[in-house]
Amino acid sequence: MRTKSLKKNKINVVTLGCSKNVYDSEVLMGQLKANGKDVVHEDENDEGNIVVINTCGFIGKAKEESIDTILHYAQKKERGEVDKVFVSGCLSERYKPDLEAEITNVDQYFGTHDLPNLLKVLEADYKHELIGERLTTTPDHYAYLKIAEGCDRPCSFCAIPLMRGKHKSTPIEEIVIEATKLAEKGIKELMLIAQDLTYYGLDIYKKRALADLLKELVKVDGIEWIRLHYAFPSGFPMDVLEVMKNEPKVCNYLDIPLQHINTEILKSMKRGTTHEKTTALIHKFREAVPNMAIRTTLIVGYPGETEAQFEELKDWVEEMRFERLGAFEYSHEENTGAYVLEDDVPADVKFRRVNEIMEVQSQISWELNQEKIGKTFRCLFDRKDGEFYYGRTEFDSPDVDNDVIVDATKYYIKLGEFIDIKIHDAGDFDLHGTPVVKQERPVPLNQKKKITQN
């Protein structure tokens, strides 16, 4: 038996799932730090003797990853390599009784709204005054900014309301305070996230207030890009497009998951729209902001999806020529509206349909990228990997969209800086370019001394 550790506790926070979970982990870590706790995020050496796993429970593969991670740390606890394991987040919210019965070597499980209780068992107090105080885990120049929690939509395939609850907007003034604090730390790009950006403000202002929020955020000194993620098509506030068109800080970029285009499937999904309405909405977007990059996600293999309905979706993707697109296999989730339907599309058919959609999109992306050759774009550089720098245009979000790649053996680029890049080559999802003005490499310290002595 292992004796109680005498060393100072170090808390290792492990984050799984989406950007909303990243944000929640950052808030948790900010609270812990304010309480004087030693906290790390996904320490590669697993140095923390206390582990907090922030789980995802959205679809089958995400749930499997979360369970595997819990088991990994539960076994480390059994071997005496860590002292305590706590589990929070969506999987824990959704399946807490099952997890408690099946994985008993976890010290305690917490849901998505249990932050004060989680802090309490970590011997920390929840500090209400810490609006906007969090330990960001992203690169120093960009951050996610969650503007609302939960969702009121009835989408039949989605378990988010089961895990996150009803929609709750964060007041504009609190979001501005947080954005200001992030800017003071050097953050230049904000990615606004929520389960549903479209609904923002309806609960507290009795109107859709996303445009009002953007008009306040563009006033924050230091913030240069503001990016919109996860809007809902039905009821989209069109005044947002005016702000996007007129405010340089608001990126010409919109992430709007559309899920499908066949009207019968959309009705079964309870999306509140049709083929015709969805197509008209996309045309309105492009009329209002002609150079907007639209990112969407689609679900294939939904119960009852026929080959003809899938072909309609594929043809529509070819017609709409989205700048960014992802496709996913339908996941049959307990307690959702679609769970009563028969999950009748075979797994191999779902797999084939995803690949067919992405083949179409790869060709579209390649063609759109070829049009960028010879043009110059303002890019923000995120990282250096091997002999290359990786950056993004305003039309690209981190991790999911195109990279702008620059040869690090020929050019020097300071990470986190905006640089004008002329594109000279392009693939399906990558652009290759060179700085318009060559960046000077910093002189190494030992060479500076030689120059001074001479």
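**A buried aspartate and a pocket between domains**

Mentor: Start with D401. Beyond its neighbours within four places in sequence, D401 is in contact with Y253, R295, R324, F395 and D396. Bear in mind that the model is predicted. D401 sits in the loop between β15 (388–392) and β16 (403–407). Its relative accessibility is 12%, so D401 counts as buried, the cut-off being under 20%. Two polar links involve its side chain. The side chains of D401 and Y253 are joined by a polar contact of 2.6 Å. A polar atom of the D401 side chain also lies 2.7 Å from the backbone nitrogen of S397.

Now turn to the second largest pocket. Its volume is about 1000 Å³. The lining has 40 residues, and those closest to the centre are Y23, D24, V27, L115 and Y126. Which element gives the largest share of the lining? That is α1, with seven residues. At least two residues each come from α1 (19–34), β3 (50–55), β4 (84–89), α4 (115–121), β7 (148–149), β8 (168–169) and α6 (172–184). By residue class, the lining holds 15 nonpolar, 13 polar and twelve charged residues. Where does the pocket lie relative to domain 1 and domain 2? Domain 1 (11–122) and domain 2 (142–368) both contribute lining residues, so the second largest pocket lies between them.

Note on methods:
Residues are numbered from 1 along each chain as its sequence is written. This is a predicted model: local features need pLDDT of at least 70, side-chain atom pairs count only at pLDDT 80 or more; totals for chains, interfaces and linings use all residues. Side-chain values use heavy atoms; hydrogens and water are left out. On a 1 Å grid over the protein atoms alone, a cavity is a set of points where a 1.4 Å probe fits but cannot get out, and a pocket is an open set with protein on both sides within 12 Å along at least five of seven lines; lining residues have an atom within 4 Å of a point. Grid points are joined across faces, edges and corners, and a volume is the space filled by probe spheres set on the points. Helices (H or I, at least four residues) and strands (E, at least two) are DSSP runs, numbered from the N terminus. Ala, Val, Leu, Ile, Met, Phe, Trp, Tyr, Cys and Pro count as nonpolar, Asp, Glu, Lys and Arg as charged, and the others, Gly among them, as polar. Domain bounds come from an automatic or database domain assignment. Buried means under 20% relative accessible area, exposed over 50%, partly exposed in between (1.4 Å probe, protein chains only). A polar contact is a pair of N or O atoms within 3.5 Å; within protein, one must be able to donate a hydrogen and the other to accept it, and residues adjacent in sequence count only if both atoms are side-chain atoms. Contact means heavy atoms within 4.5 Å.
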